[in-house]
Amino acid sequence: MNLYRICYKKVGPMRYISHLDLLRTMERGSRRARLPLAFTQGFNPHPRISFAAPLPVGVQGEDEYMDLELESPMQAPVLVERLNTCLPYGLEILEAREVKGTAPSLMGMVEQATYVAVTIRPADINEKSLISSIKAFMEQQEVIIDKKTKKGTKAKDIRPGIVKLSGDSKEDRLFIYMTLKTGSRENVRPEEVLRALVKGYLPLNVEDFRITRTGLYAAGERTLFAGF
């Protein structure tokens with residue numbers, strides 16, 4: 001097994017493609033780069049590519065991760081260079097490291113994610129009122145939202161999944177920073193937090209925010225490169 005852990009960013013126009021389209025784009029890019037891809041067995045073999053945590057459509061990612069398995073070894077810098085020449089604008093490989101020995105799955109490692117949400121600052125909101133509103137929001141024991149499921153809508157308390165929440169204002173922009181529990185055990189989405197925050201705390205429109213995921217972390221706030 002020649003497994004490589006890859007850090008990449010998904011920004012600009014690429015933030016609008018779905019996770020399935022991202023998988024297809026990475027697969028096409030790998031084929032065009034003539035990487036010696038390893039494939040699954042069976043009637044419908046596909047490249048052994050796996051991702052850490054899917055990004056919601058419309059959200060940018062500056063520090064995303066995927067695992068790529070090859071049939072034969074390559075120098076990590078060569079892999080980065082060749083793959084970058086075959087990816088569309090908005091997708092860029094930042095770093096690759098070979099995984100020695102066995103490694104836990106990316107999806108199983110992820111426990112937290114950091115985000116920044118940016119919007120135009122209304123004239124009636126300043127940094128002091130922003131901080132005061134966030135403080136009041138975080139003092140709640142529960143933050144109940146209506147979450148859509150396949151069986152309908154159910155109430156969900158997202159407060160335990162909000163690890164940190166802060167904000168500031170720079171010139172005409174307003175910034176909200178979030179650290180949220182992410183992964184298979186518990187998952188809170190940034191737009192869920194924003195909808196709850198603007199409901200009774202900040203007179204803003206969630207659709208006006210541009211959201212970027214700035215990091216993915218394992219337990220103890222370790223990066224997903226930890227140990228490699």
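This is a predicted model: local features need pLDDT of at least 70, side-chain atom pairs count only at pLDDT 80 or more; totals for chains, interfaces and linings use all residues.
**Close-up views of the domain interface**

**View 1**

**View 2. Polar contacts cross the interface.** Six residue pairs are in polar contact between domain 1 and domain 2. Both residues of each pair have pLDDT 80 or more.

**View 3. Two elements stand out on the domain 1 side.** β3 (60–70) and α3 (106–109) each give two or more residues to the side of domain 1 that touches domain 2. β3 supplies the largest share, six residues. By residue class, this side of domain 1 holds eight nonpolar, four polar and four charged residues.

View 4. Domain 1 covers residues 2–109. Domain 2 covers residues 112–217. Taken over C-alpha atoms, the centres of domain 1 and domain 2 lie 29 Å apart. Domain 1 brings 16 residues to the contact, and domain 2 brings twelve.

**View 5. Area buried between the domains.** Interface size is often stated as the accessible area lost when the parts come together. Here, about 1,100 Å² is buried between domain 1 and domain 2. Carbon and sulfur atoms give 47% of that area.

Methods:
Residues are numbered from 1 along each chain as its sequence is written. Side-chain values use heavy atoms; hydrogens and water are left out. Domain bounds come from an automatic or database domain assignment. Contact means heavy atoms within 4.5 Å. Buried area is the accessible area (1.4 Å probe) that two parts lose on being put together, summed over both. A polar contact is a pair of N or O atoms within 3.5 Å; within protein, one must be able to donate a hydrogen and the other to accept it, and residues adjacent in sequence count only if both atoms are side-chain atoms. Helices (H or I, at least four residues) and strands (E, at least two) are DSSP runs, numbered from the N terminus. Ala, Val, Leu, Ile, Met, Phe, Trp, Tyr, Cys and Pro count as nonpolar, Asp, Glu, Lys and Arg as charged, and the others, Gly among them, as polar.
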